[in-house]
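Student: Could you walk me through this structure, please? I would like to begin with the strands.

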Amino acid sequence: MQLAAVVSGKKLPPAKVRRTKRWLADVSARLNRDTVLEYAVYSLFNHGDLRLAASTLTDKGLYGPARSMAISALEELGKFALAIRFLADDLSAPQFVQQIFSHVPKQAWGRLITHLSPHMVHLNRENVAPSFLEFFRNLEANSEKLVQAVTEDQNGLQQVANELAGHTLESWRQEGIYVSIQETEDTLVVQHPRLVTEEQVQTVIQLLSQLDNDADHALFDAVSCLGLSTSELQSTVLTSPESIRLLKSAIDQFAQAAKESGVFRPPQSSAPHGA
């Protein structure tokens, strides 16, 4: 809770701030590639578990907790994305540690993955990129088409931007599991999970369903790019030491391809004339 407060900008007593900063620095200094690879693997497992939990809770009519679990499943995708950024040398250890202990960055990356996934699936069906890794290895040609497709989807992009700017997902997550008192213009109202409707749950679950494409087509599905289905993520067979080792190796290869592609590299600014 202390760390979350620091990340979110809330005030803490100076002594606690110093202790938390020391803790952040200590974790950052001890962080290594293998730890982050394991973090990425279990983020994918937990993504599958939380999606199953959201579906089960929806069937039971517990819509508030169901929506919170679905948003948490989005967060697990965000964790995977942040791990890839670290493994591809796009985030330093302190940057990575700070972001994984805040809900909003993880939700933002998970939400962006669900938004980009249909565009990348469309490119794959046009045989632009036969695999997830090939997309990065032919980034120059593929990214131009992807940028064009996403740019044409201005309404969708604006919706995502509004959600993230207003911390909508984090508000929804909290409203689904906590009872709170909120202030309106005229009065105080009690907000509680039983106010959440089935339709509101489906709004989030539909975001996740965009990732449920065949492994041959889903370019931006962190699960299927490793050759896994959602049901396989809930299999205990996958948690054997050998399976974990193979998954780590697959993720490491993916991160290296992302790094080599320059996908995280900032655009080069052209030198001014006469310089």
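Tutor: Strands β1 (residues 180-183) and β2 (residues 188-191) run antiparallel and are joined by four bridges. Here strands pair if DSSP finds at least two bridges between them. This is a predicted model, in which local features need pLDDT of at least 70 and side-chain atom pairs count only at pLDDT 80 or more, while totals for chains, interfaces and linings use all residues. Residues are numbered from 1 along each chain as its sequence is written, and side-chain values use heavy atoms, with hydrogens and water left out.

Student: What joins β1 to β2?

Tutor: A hairpin joins β1 to β2, through four residues.

Student: And which residue is the bridge partner of Ile-181?

Tutor: Ile-181 has Val-190 as its bridge partner, and Val-190 is placed in strand β2. Both residues also belong to a nonpolar surface patch of about 440 Å², made by Val-179, Ile-181, Leu-188 and Val-190. Such patches are made of residues with over 30% relative accessible area and no salt bridge, where like charges are joined within 9 Å and nonpolar side chains (Val, Leu, Ile, Met, Phe, Trp, Tyr) within 5 Å.

Student: How many helices and strands are in the chain?

Tutor: The chain has 13 helices and two strands. These are DSSP runs numbered from the N terminus, with helices being H or I of at least four residues and strands being E of at least two.

Student: Which residues touch the most other members of the largest nonpolar core?

Tutor: In that core of 24 residues, they are Leu-31, Val-36, Phe-80, Phe-86, Leu-87, Phe-96 and Ile-251. Two or more residues of this core come from each of α3 (33-59), α4 (63-87), α5 (93-100) and α13 (241-261). Another core, of 10 residues, lies apart from it and has Ile-71, Ala-73, Leu-74 and Leu-208 among its members. A nonpolar core means a set of buried Ala, Val, Leu, Ile, Met, Phe, Trp, Tyr and Cys residues joined through side-chain atoms within 4.5 Å. Buried stands for under 20% relative accessible area, exposed for over 50%, and partly exposed for in between (1.4 Å probe, protein chains only).

Student: What percentage of the chain is buried?

Tutor: Of the 275 residues in the chain, 40% are buried. The accessible surface of the chain comes to about 15,300 Å², and 52% of this belongs to carbon and sulfur atoms; these areas come from the Shrake-Rupley method with a 1.4 Å probe, and for residues only the protein chains shown count as cover.

Student: Let's turn to charges. How many salt bridges are there in the whole structure?

Tutor: A search of the whole structure gives 10 salt bridges, each being a side-chain nitrogen of Lys or Arg within 4 Å of a carboxyl oxygen of Asp or Glu. One of them is between the side chains of Arg-67 and Glu-175, at 3.5 Å from N to O. Arg-67 lies in helix α4 and Glu-175 in helix α10 (residues 168-175), so this pair ties together parts that are 108 residues apart in sequence.

Student: Is Arg-67 buried or exposed?

Tutor: Arg-67 counts as buried, at 3% relative accessibility.

Student: And which residue does Asp-89 meet in a salt bridge?

Tutor: The side chain of Asp-89 meets that of Lys-259, at 2.5 Å from N to O. This pair links distant parts of the chain, since Asp-89 is in the loop between α4 and α5 and Lys-259 is in helix α13, 170 residues apart. Asp-89 is exposed, with a relative accessible area of 53%, whereas Lys-259 is partly exposed, at 37%. Asp-89 also has a positive phi, near 65 degrees, in a residue other than glycine.

Student: Which residues pair up within helix α10?

Tutor: Glu-170 and Arg-173 both lie in α10, three residues apart, about one turn of the helix, and their side chains meet in a salt bridge of 2.9 Å, N to O. Glu-170 is buried, with a relative accessible area of 9%, and Arg-173 counts as buried too, at 10% relative accessibility. Elsewhere, salt bridges that share partners join Asp-34, Glu-38 and Lys-248 into one network.
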